[in-house]
Every structure is written in C-alpha cells, then in structure tokens.
Amino acid sequence: MQAKGMKERKKKKGKGRVKKKQRVPAFPTETVHALFKKTWAGRNVKIHKNALLLSGEFLKLFTTEAVHRASSQVRRPGIPEEDSRQIDIEHLESILPQLVLDF
C-alpha cells in the first residue's frame, strides 16, 4: 500500500513540469545514408528512415563520448596547461580501443 502511494506522489510531483533539454543535433540523415552507401557499395540494400535517424543518434553519442574521453586524456596531471587546450590525434588514438570495446 505504501509503494502505491509513493508512485502516485511521484506522478503528481512531476506533472506539469516540462524541462527543455538542450539537444545536440544528430548526424544528418543524408550523411549517414552516404556512409552506409559507401560501406555497402555494390549491394542492393534499402535503409529505412528510422534506421537512418537511429544510426545518426548512435554516431552522435559515439563522437561525443570520444571527445569527452580524449579531453580527459588532455587534462591529465603533469601536463602543462598550455598543452592541455587541444585534442590531438594521439589523444584519440589512446582512447579508441576501449571506446570501441565499450560500444
């Protein structure tokens, strides 16, 4: 009985509040479609629009995570601050194996 009351309170509490999140745009579907066409060249493959949208979201998440992990490599202790302002290819190369395993 107590759990039911808690659920009802949660529903009432959250009702009426609409938080707008700042959305980072996904990859354009045209770009994702071009990537898929290049990858599957010579095959007769059709791609549904929802699959393109979902793939764009996945690529956005993958890229965002790569940037976050690479930026943490840049800000490691012992690195001078003037050298910790830019992500280089070495930073991406160092995080890439674990990133691919995680995804």
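## Overall architecture

The protein contains four helices and zero strands, and its pattern along the sequence is α-α-α-α. Of its 103 residues, 14% are buried. Among contacts with a separation of 6 or more, 55% involve residues 24 or more positions apart. The accessible surface amounts to about 9,400 Å², and carbon and sulfur atoms contribute 56% of that area.

Confidence in the prediction is summarised by a mean pLDDT of 78, with 68% of the residues reaching 70 or more. Residues 6-11 have a pLDDT below 50, and this stretch makes zero contacts in the model beyond near neighbours in sequence. Where pLDDT is low, the predicted coordinates should not be read in detail.

## Helix 3 and its cover

Helix 3 covers residues 49-74. With 26 residues at 1.5 Å a residue, helix 3 should span 38 Å, and the distance of 38 Å between its end C-alpha atoms agrees with that expectation.

The buried residues of this helix are Leu 52, Ser 55, Gly 56, Lys 60, Ala 66, Arg 69, Ala 70, Ser 71 and Val 74. The elements that cover them include helix 2 (29-39) and helix 4. Apart from neighbours within four places in sequence, Ser 55 is in contact with Val 32 and Phe 36.

## Salt bridges

Side chains of opposite charge can pair when their charged atoms come close. In the whole structure, a search finds three salt bridges. They are set out below with the distance between nitrogen and oxygen atoms.

| Salt bridge | N to O distance | Placement |
|---|---|---|
| Glu 57 and Lys 60 | 3.1 Å | helix 3, three residues apart |
| Arg 69 and Glu 65 | 2.8 Å | helix 3, four residues apart |
| Asp 102 and Arg 69 | 2.7 Å | helix 4 and helix 3, 33 residues apart |

Glu 57 is partly exposed, with a relative accessible area of 25%, whereas Lys 60 is buried, with a relative accessible area of 13%.

Arg 69 and Glu 65 are likewise both in helix 3, and their four-residue spacing corresponds to about one turn of the helix. Glu 65 has a relative accessible area of 27% and is partly exposed, while Arg 69 is among the buried residues of the helix.

Asp 102 has a relative accessibility of 43% and counts as partly exposed. Through shared partners, the salt bridges join Glu 65, Arg 69 and Asp 102 into one network.

## The segment after helix 4

Phe 103 is located in the segment after helix 4. Its relative accessibility of 41% places Phe 103 in the partly exposed class. Setting aside neighbours within four places in sequence, Phe 103 is in contact with Phe 58, Leu 61, Phe 62 and Glu 65. Glu 65 also takes part in the salt bridge with Arg 69. For Phe 103 and Phe 62, the sequence separation is 41 residues, and the C-alpha to C-alpha distance is 7.6 Å.

## A nonpolar surface patch

Val 67, Ile 87, Ile 89 and Leu 92 make a nonpolar surface patch of about 310 Å². One of these residues, Ile 87, lies in the loop between helix 3 and helix 4. At 34% relative accessibility, Ile 87 is counted as partly exposed.

Note on methods:
Residues numbered from 1 in each chain as written. Predicted model: local features only at pLDDT ≥ 70, side-chain atom pairs only at ≥ 80, totals over all residues. Heavy atoms only, no water. Salt bridge = Lys/Arg side-chain N within 4 Å of Asp/Glu carboxyl O. Helix = DSSP H or I, 4+ residues; strand = E, 2+ residues; numbered from the N terminus. Buried < 20%, exposed > 50% of the residue type's maximum accessible area, 1.4 Å probe, protein only. Expected span 1.5 Å × (residues − 1). Contact = heavy atoms within 4.5 Å. pLDDT = per-residue confidence, 0-100. Patch = residues over 30% accessible without salt bridge, like charges linked within 9 Å, V, L, I, M, F, W, Y side chains within 5 Å. Areas by Shrake-Rupley, 256 points an atom, 1.4 Å probe, with all protein chains shown as cover.
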